[in-house]
Amino acid sequence: METLNAAELLAALGHETRLAIFRLLVEAGPEGLYASAIGERLALAPATLSFHLAHLSRVGLIVGERESRFIHYSARFDTMDQLIAFLTSNCCQGAACLPQTACCDTTAKRRAANDSSAT
């Protein structure tokens, strides 16, 4: 990933509403959510939601697929993975210094961490 691309992604996530949308879609997993569900959960007006979804789509953090009259959005996990890898590349000269990231480096570990924090 190029520095300019990473900066664009981080700038898009630097807005409170876009970050909330992205986190909601990450939590939803590959199945994603319909735009109406995103708007309802975050209490966003349709025009505001549309503006932010378009921005996240334009930079490649989410993807929308039309299904009849509705648009279904999901996070681009490949893009998120590339951004995280860019940010942590050569961190601390290869030493294990990110305990929260290390506990979440696999789907199984993420699920286990979420299950233990929920109880």
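1. Let's start with contacts (heavy atoms within 4.5 Å). Among contacts in the chain between residues at least 6 apart in sequence, 55% join residues at least 24 apart.

2. A word on what you are looking at: this is a predicted model, where local features need pLDDT of at least 70, side-chain atom pairs count only at pLDDT 80 or more, and totals for chains, interfaces and linings use all residues. Residues are numbered from 1 along each chain as its sequence is written, and side-chain values use heavy atoms, with hydrogens and water left out.

3. Now for the overall layout. The chain has seven helices and three strands, in the order α-α-β-α-α-β-β-α-α-α from the N terminus. Here helices (H or I, at least four residues) and strands (E, at least two) are DSSP runs, numbered from the N terminus.

4. How much of the chain is buried? Of its 119 residues, 25% are buried, where buried means under 20% relative accessible area, exposed over 50%, and partly exposed in between (1.4 Å probe, protein chains only).

5. Gly29 and Ser74 are 45 residues apart in sequence, yet their C-alpha atoms lie 7.3 Å apart in space.

6. Next, a pairing of charges. Side chains of opposite charge can pair when their charged atoms come close. A salt bridge is a side-chain nitrogen of Lys or Arg within 4 Å of a carboxyl oxygen of Asp or Glu, and a search of the whole structure finds one. Its partners are Asp78 and Arg76, with the closest N and O atoms 2.8 Å apart. Asp78 is partly exposed at 38% relative accessible area, and Arg76 is partly exposed at 31%.

7. Finally, have a look at the second largest pocket, which has a volume of about 190 Å³. (On a 1 Å grid over the protein atoms alone, a pocket is an open set of points where a 1.4 Å probe fits, with protein on both sides within 12 Å along at least five of seven lines; lining residues have an atom within 4 Å of a point.) Which helix gives the most to this lining? That is α4, with four residues. At least two lining residues come from each of α3 (35-42), α4 (46-59) and β3 (70-75). Among the lining residues are Tyr34, Leu44, Pro46 and Phe70. The lining of the second largest pocket has eight nonpolar, three polar and no charged residues.

Methods:
Points joined across faces, edges and corners; volume = space filled by probe spheres on them. Nonpolar A, V, L, I, M, F, W, Y, C, P; charged D, E, K, R; others polar.
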